[in-house]
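I opened a new page for this structure.

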Amino acid sequence: MIIIFCLMFNVIPVLGSSLSDQVHQTPAEMFHKPGGAALINCSHSIEGYDRILWYKHSNNKQMEFLGYNDVITGYAEPGLNVKMNGSANKYKLCTLTVEDLSVDSSAIYFCAARYHSASY
């Protein structure tokens, strides 16, 4: 059985409010059989934030960056069995799909909301 725990955190603080109350990730935990897929959803209510970052933390390992969602689509790091879909705009839903689950998939998965300040 594969166990996946999902938590969230935020990258940039906003004065006067708690960002942990403004980023929502579901479900809190899930159990799956090997070979299947797990879907984790993330949304936020922070004005101006336009990135959702995805991370995985396994026992005795450093946190691993899985990829990110922008306002249009998701971008997974190469070589990982994950996909990202959705929009990172305020009140929109992003989904991380962890595919081909194995014992190595058991971990805590995080989503983080971020403001992207690059000018185009």
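I took a nonpolar core to be a set of buried Ala, Val, Leu, Ile, Met, Phe, Trp, Tyr and Cys residues joined through side-chain atoms within 4.5 Å. The model is a predicted one.

Core. I found that the largest nonpolar core has 21 residues, and that Ile52, Trp54, Leu96 and Tyr109 have the most contacts inside it. I noted at least two core residues from each of strands S4 (38-44), S5 (51-57), S8 (82-86), S9 (94-98) and S10 (107-114). S10 gives the most, with four residues. I then listed what Ile52 touches beyond four places in sequence; among them are Cys42, Tyr68, Cys94 and Cys111.

Salt bridges. I counted two salt bridges in the structure. In one, the side chains of Glu47 and Lys90 meet at 2.8 Å, N to O. Glu47 sits in the loop between S4 and S5, Lys90 in the loop between S8 and S9, and 43 residues separate them. I logged Glu47 as exposed, because its relative accessible area is 62%, and over 50% counts as exposed. Lys90, at 27%, is partly exposed.

I looked up Glu99 and Lys83 next: their side chains form a salt bridge of 3.3 Å, N to O. Glu99 is in the loop between S9 and S10 and Lys83 in strand S8, so the pair ties together parts 16 residues apart in sequence.

Glu64. I placed Glu64 in strand S6 (64-69). Glu64 is partly exposed at 31%. Beyond four places in sequence, Glu64 touches Trp54, Tyr55, Lys56 and Leu80. Glu64 and Tyr109 are 45 residues apart in sequence, and their C-alpha atoms are 9.4 Å apart.

How values were computed: Residues numbered from 1 in each chain as written. Predicted model: local features only at pLDDT ≥ 70, side-chain atom pairs only at ≥ 80, totals over all residues. Heavy atoms only, no water. Buried < 20%, exposed > 50% of the residue type's maximum accessible area, 1.4 Å probe, protein only. Contact = heavy atoms within 4.5 Å. Salt bridge = Lys/Arg side-chain N within 4 Å of Asp/Glu carboxyl O.
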